[in-house]
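This report describes selected structural features of one protein model. It treats strand pairing, helix packing and aromatic contacts in turn.

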Amino acid sequence: MKNTPSSKPRFAKYPTLPKLDYCLVLYQESLVELNSDQHYQLERPDDLEALAGAARRLLPAADVKKNIALCLPSEEFIATQAHLPGVGADNLHSALLLQKPMLLPGYTAPLLLAVHSQPQSDGHYLVLWFAAQRADALYQAFAQQGLNLSLILPRPLALLQSDEGCQQLYDEDSSGITYARFENGSLQNWLWVDKLDYEQADFRQQLDNKLAADSPPGAVWQRKTCLADWHNSPHPHPAACFYRFVAPLAEQQRRKARTKQRWRWFFFILATLFLSVLGAGAWLWYQQYQLNQEIAKLHEQTREIEKLRQSVFSIEDAVGPIALFPEQDVIGLLQSLNNLIPKNSWITRMKIEGGLVEIEGESPEPVKILEALANAGLFTEVAFNQPIRGQRFGISMKIIGVDVKSYLEEYFPDRANAE
């Protein structure tokens, strides 16, 4: 039976981090579900299909919409220290990738990196690395079971329960001991020790002295030394997700989903405009049909040529404002805009009224879009109608051949003068 303690959502403070629905921990030959007393014994922990199958047995109600975190042993990760003074948060990830040959000389396999981009005053950052191929293999194995492995975490970070003060994380299993210090919102120290080395008295004494010296007053220790310690253990603090690893295949799937969603919205807007135009056309047809019916009735009701002529003239005057209304080919306009707007740009808002078109959207090159519209031969008075903000832009233009002002002056002079 699961034991899910009630607590306030802790992700409200970190809106950019993914919310964890389930968290699994691989501890020696067991796969443990946090926030419960459940675990599954594995015959071969290195068998990815068996690992994913165990996850499915532990999480029978999970589906692809639920975020699952998998916490793996420390020996699967590489920790390095990097000194990058003056590098901003936006450029830190790229700078570390450029430093990889110096941080990990001789390591040529593709690696994912995790680092909290919070600027450090001394320019020192603790960086964790994980094999990209391993991440993709885990993601695919879980996907075959209908599970969404949204992120991978180093197991010691599953011990993190707060981002305040100094958190000392101590994770021990049969193969090694990992010590990590989380302070000021980020990892400050990471040490992995082989268990065989720790069994040597001199080495153990040196390590114990190191941990004692590295523990400031008031530091909180979180220790896990056996499988029983993981039972009913809560989910890690959201700050642990700053050091998450996401499989490249998962990132590709998310990008495809976002692109698909954008196209859905585009076709929804297109369909809405088409139905609006279709409805307007049906209304105009009905009005013309009604007028034609009136003409037929007048032909039947009178034999006097003069009276019939006057009736026809009056009906033609009534039909004229409808028949001669400047038509705005909305469907053709949308097709033209679709051909003119680059594939890396899109329209988020569009307004057509009285021959005036206003569009808003996002593009890395708004000026090129303006030039393309101006040179298309379909519009006049093409100009930005609002300042460019980042990639957001707004453009207004008039459709060539649609002169609503002249139409109003001829058929509705009172409205034309009022405007």
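In this predicted model, Gln 168 stands opposite Arg 181 in β10. The strand that pairs with β10 here is β9 (residues 166-172), and seven bridges join the two in the antiparallel sense.

Ile 177 is placed opposite Val 193 in β11. Of the eight residues of strand β10 (residues 176-183), seven are buried, so the strand is largely enclosed by the rest of the structure.

**An open sheet and its helices**

Three strands make up an open sheet with the order β5-β7-β6 and antiparallel pairing. Its edge strands are β5 (78-83) and β6 (111-114), each of which pairs on one side only. On average, neighbouring strands of this sheet are turned by 35° against each other, direction ignored. Between β5 and strand β7 (residues 124-131), the antiparallel pairing extends over six bridges. Within it, Ala 82 has Tyr 125 in β7 as its bridge partner.

Helix α2 (residues 89-103) packs on the sheet and touches β5, β6 and β7, with its direction at about 75° to that of β7. Helix α3 (residues 132-144) also packs on the sheet, where it touches β6 and β7; its direction makes about 55° with that of β7.

Which residues of α2 are buried? They are Leu 92, Ala 95, Leu 96, Lys 100 and Leu 103. These buried residues pack against β5, β6 and β7. Helix α2 also has a kink of about 35° at Leu 97, shortly before the proline Pro 101.

The structure contains seven aromatic pairs. One of them, formed by Tyr 27 and Trp 230, is tilted, with 6.4 Å centre to centre and 50° between the planes. Tyr 27 belongs to strand β1 (residues 22-27) and Trp 230 to helix α6 (residues 227-230), so this pair ties together parts that are 203 residues apart in sequence. Both Tyr 27 and Trp 230 are buried.

Why does the pair of Trp 285 and Tyr 289 count as stacked? The ring centres are 5.5 Å apart and the planes lie at 15°, which is under the 30 degrees required for stacking. Both residues lie in helix α7 (residues 248-301), four residues apart, about one turn of the helix. Trp 285 counts as exposed because its relative accessibility is 56%, whereas Tyr 289, at 37% relative accessibility, counts as partly exposed.

A further group is the cluster of Phe 77, Phe 130 and Phe 245, which ring pairs link.

Arg 223 lies over the faces of two rings, as listed below.

| Charged residue | Ring | Distance from ring centre |
|---|---|---|
| Arg 223 | Tyr 170 | 4.7 Å |
| Arg 223 | Trp 221 | 4.6 Å |

Technical notes: Residues are numbered from 1 along each chain as its sequence is written. This is a predicted model: local features need pLDDT of at least 70, side-chain atom pairs count only at pLDDT 80 or more; totals for chains, interfaces and linings use all residues. Side-chain values use heavy atoms; hydrogens and water are left out. Rings of Phe, Tyr and Trp (its six-membered ring) pair if their centres lie within 6.5 Å; planes under 30 degrees apart count as stacked, over 60 as edge-to-face and the rest as tilted. Buried means under 20% relative accessible area, exposed over 50%, partly exposed in between (1.4 Å probe, protein chains only). A charge sits over a ring if NZ of Lys or CZ of Arg is within 6 Å of the ring centre and within 35 degrees of the ring normal. Two strands pair if DSSP finds at least two bridges between them. Axes are lines fitted to C-alpha atoms, for helices over the stretch in contact, and angles run from 0 to 180 degrees between N-to-C directions. Contact means heavy atoms within 4.5 Å. The bend at a residue is the angle between axes fitted to the seven residues ending there and the seven starting there.
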